[in-house]
Amino acid sequence: MIHIHNLSFGYTKGKMLYDNLSLSLAVGSIYGLLGKNGAGKSTFLKTLAGQLFPTDGKISINGFEPKKRLPSFLESIYFIPEEVNVPSLTIKRYLNLFSPFHPQFDENLFYQCLEVFDVKTKNKLTTLSFGQQKKFAIAFGLACNTKLLLLDEPTNGMDIPSKTQFRKLISAVFSKDRLLLISTHQVKDLDNLIDQVIIVDNGHVLLNSSVADVTEKLCFKTFRDLPANTDEILYSEESLKGISVVMRNSEREDSKVNLEHLFNAVTEQPVLIKEIFED
């Protein structure tokens with residue numbers, strides 16, 4: 001669905017945020033785009049949405065070139081930025097004005113999402129708190145039923161119960177003919193939600209893999225004391241429960257992916273990770 005070839009982008013001449021980046025994303029998956037603050041995640045999503053133009057390279061989404069912003073492309077994609085800006089309209093007025101741009105818009109689903117998020121007001125959207133405005137934007141984006149949904153730091157401004165509701169809604173509305181790409185630096189918010197993980201750092205994709213492949217090649221364990229063969233360990237972190245590690249899965253053990261520890265292992269050991277996943 002998304003094919004990126006030799007993408008380069010920079011806000012200033014001579015300083016590239018991305019340089020010769022190539023990547024393919026397939027329909028039927030929920031991707032987690034993980035990276036530090038300032039790693040270029042928002043820029044990447046805006047480029048896919050056609051809001052920013054690459055310096056070089058090519059992007060193809062279902063045969064469309066995003067920067068041309070053709071109506072047939074725009075009705076098939078929805079982008080929810082980190083900082084939402086709602087107009088001074090009521091929910092009903094907003095719906096009447098903007099839902100017609102998306103032919104597959106599901107009004108019942110929209111109101112169901114608002115109910116789950118407990119967003120209720122007859123006043124203008126600008127009277128809502130930032131967190132409520134974010135929930136409104138997510139509810140509208142989910143109800144658009146677009147083939148591609150891009151979400152930039154969607155859980156920012158949400159409390160813990162709202163983050164749980166968000167994960168449940170995403171799981172409920174997702175279908176195999178859609179592609180969801182969720183960008184975040186709060187990796188724990190995507191636990192048990194994504195089935196594909198992309199990790200970016202310093203303008204490069206360090207990992208693009210399915211969660212299933214991650215569990216096949218890496219093992220996530222906690223020890224009271226580190227094992228003798230520390231050569232297998234890619235990352236370790238002490239906690240009250242012991243020493244949590246990410247290590248090569250030489251014994252083909254089953255373990256649950258810890259996204260935070262995976263991110264740290266990948267960014268600290270990019271060369272080793274590349275070798276492991278290219279085997």
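Here is a short tour of the structure, one selection at a time.

Keep in mind that this is a predicted model: local features need pLDDT of at least 70, side-chain atom pairs count only at pLDDT 80 or more, and totals for chains, interfaces and linings use all residues. Residues are numbered from 1 along each chain as its sequence is written, and side-chain values use heavy atoms, with hydrogens and water left out. Helices (H or I, at least four residues) and strands (E, at least two) are DSSP runs, numbered from the N terminus.

**Stop 1: strand E1**

Select residues 2-9, which are strand E1, and then residues 56-61, strand E4: the two run antiparallel and are joined by 5 bridges. Two strands count as paired if DSSP finds at least two bridges between them. Click on serine 8 and look for its bridge partner in E4, aspartate 56.

**Stop 2: threonine 43**

Go to helix H1 (residues 41-48) and pick threonine 43. Is this residue buried or exposed? Threonine 43 has 7% relative accessibility, so it counts as buried (buried is under 20% relative accessible area, exposed over 50%, partly exposed in between, with a 1.4 Å probe and protein chains only). Leaving aside neighbours within four places in sequence, threonine 43 is in contact (heavy atoms within 4.5 Å) with Phe9, Tyr11, Leu17 and Leu52.

**Stop 3: the sheet E10-E12-E11**

Select E10 (218-223), E11 (233-239) and E12 (242-248). These 3 strands form an open antiparallel sheet in the order E10-E12-E11. E10 and E11 stand at the edges with a single partner strand each, so one side of each has no neighbour in the sheet. E10 and E12 pair over 6 bridges, and cysteine 219 has methionine 247 of E12 as its bridge partner.

**Stop 4: helix H9**

Finish with residues 270-278, helix H9, where Ile273, Ile276 and Phe277 are buried. Why do they line one face of the helix? Seen down the axis of H9, the buried residues fall within an arc of 90°, so they line one face; the arc is that of the directions from the helix axis to the C-beta atoms. Turn to the face pointing away from the buried side and you'll find the exposed residues Val271 and Glu278. Among the elements that the buried residues of H9 pack against are E10, E11 and E12 from the previous stop, along with helix H8 (259-268).
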